[in-house]
Amino acid sequence: MPSLQSFSTFGLNASCNAIERFSDVQTFLSLYDKNKTTYLLGGGSNTIFADDFNGTILLNQIKGISHYDTEEYHFLRVGAGENWHEFVSLCMQEKWYGLENLALIPGSVGACPIQNIGAYGREVNAFIDTVEVVLLETGKQVNISNEQCEFGYRDSVFKNALANKVLITHVNFKLPKNIQPETTYGELQALPSPTPEAIYDKVIEIRKSKLPDPAKLGNAGSFFKNPIISRSQFENIAKEYEVVPHFDVKDKDRDAIKVKVPAAWLIDKAGFKGKTLNGVRCHPTQPLVLTNIGGATGSDILTMARDIIASVQEKFGVALEPEVRLLGNKGLISL
């Protein structure tokens, strides 16, 4: 059985029945069998193989970047198998601005609409025009509009109604030529000259200082989402602590203002920062990240994650949700 260790940035020792690669839709359709157990994989930065997978991994390697201009926008069509950070770096080189706050996020372009990736005040949904997909049931190729993607915080239709029902082949971006820099988040506020290039460089500097490099220390980036809680929940927490980092957010379904609290802060206060369980460690400089310090198993990951969820729930009354996908022997595992 082929090893999956090098196909996930967390680097667990797991295997599967077979690994098949495709770089175009026709090859994918020849490989995909809806009656067999399969899992579609991109860069492997958001999937952790918690067990041997009893099925076939289909590796999306659809590449290619095309571009055209209008008076107001840069339009980019990008293959799902392109590396995300390399794409952002190309945008900077070509002066196609907007994505600089999302530099150095690991993974592939095809994963960005699924997760609605975001960082330092930007979310990718602001720049996605359409997403090209193949409907797995019929093999038909269709375009999903931005509105149809139903984007939310680290959420989209691809994690809900269309979960396991489509293959993302290309993402089409629409980057405004007159975009204003986003510098309201944290250390970006101190930039003396907030050009897109300065933001790009600063984001890379910040991420390198706080986050472990997956090439050197196995990890899947942010393990949990930052929870969005009610104002009353936040006020209860604030009674116990002099300072609680937070951001006000508008409820997408109502006019009410809710509060986003960093999961890293909650995890730290629950006592997990730097904590180790066998081969898994809650990272000392960024407790939102779980790392594989060597010899970690799927069981170790699940135990650590469930302990963190239970402890944060007990201490703060806040339910943490995983941002990563945990794959077991038959499919995705729920925590």
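How much space lies in the second largest pocket? About 660 Å³. Keep in mind as you look around that this is a predicted model.

Sort the lining by class and you get 17 nonpolar, 16 polar and three charged residues.

Now turn to the largest nonpolar core. It has 42 residues, and W84, F87, L99, F158 and F173 are the ones that touch the most other members. At least two residues of this core come from each of β6 (73-79), α2 (84-94), α3, β9 (128-135), β11 and α4 (196-210). Take F87 and skip its neighbours within four places in sequence: F87 is then in contact with I65, L76, V78, L99, V109 and F173. Another core lies apart from this one, with 35 residues that include I229, W265, C282 and L320.

Finally, have a look at V324, in the loop between α7 (298-316) and β19. Is V324 buried or exposed? V324 counts as buried because its relative accessible area is 7%, and the cut-off for buried is under 20%. Leaving out residues up to four places away in sequence, V324 touches N46, I48, A220, S222 and F223. As for L76, one of the contacts of F87, its C-alpha atom is 27 Å from that of V324, and the two residues are 248 residues apart along the chain.

Key. Residues are numbered from 1 along each chain as its sequence is written. This is a predicted model: local features need pLDDT of at least 70, side-chain atom pairs count only at pLDDT 80 or more; totals for chains, interfaces and linings use all residues. Side-chain values use heavy atoms; hydrogens and water are left out. On a 1 Å grid over the protein atoms alone, a cavity is a set of points where a 1.4 Å probe fits but cannot get out, and a pocket is an open set with protein on both sides within 12 Å along at least five of seven lines; lining residues have an atom within 4 Å of a point. Grid points are joined across faces, edges and corners, and a volume is the space filled by probe spheres set on the points. Ala, Val, Leu, Ile, Met, Phe, Trp, Tyr, Cys and Pro count as nonpolar, Asp, Glu, Lys and Arg as charged, and the others, Gly among them, as polar. A nonpolar core is a set of buried Ala, Val, Leu, Ile, Met, Phe, Trp, Tyr and Cys residues joined through side-chain atoms within 4.5 Å. Buried means under 20% relative accessible area, exposed over 50%, partly exposed in between (1.4 Å probe, protein chains only). Helices (H or I, at least four residues) and strands (E, at least two) are DSSP runs, numbered from the N terminus. Contact means heavy atoms within 4.5 Å.
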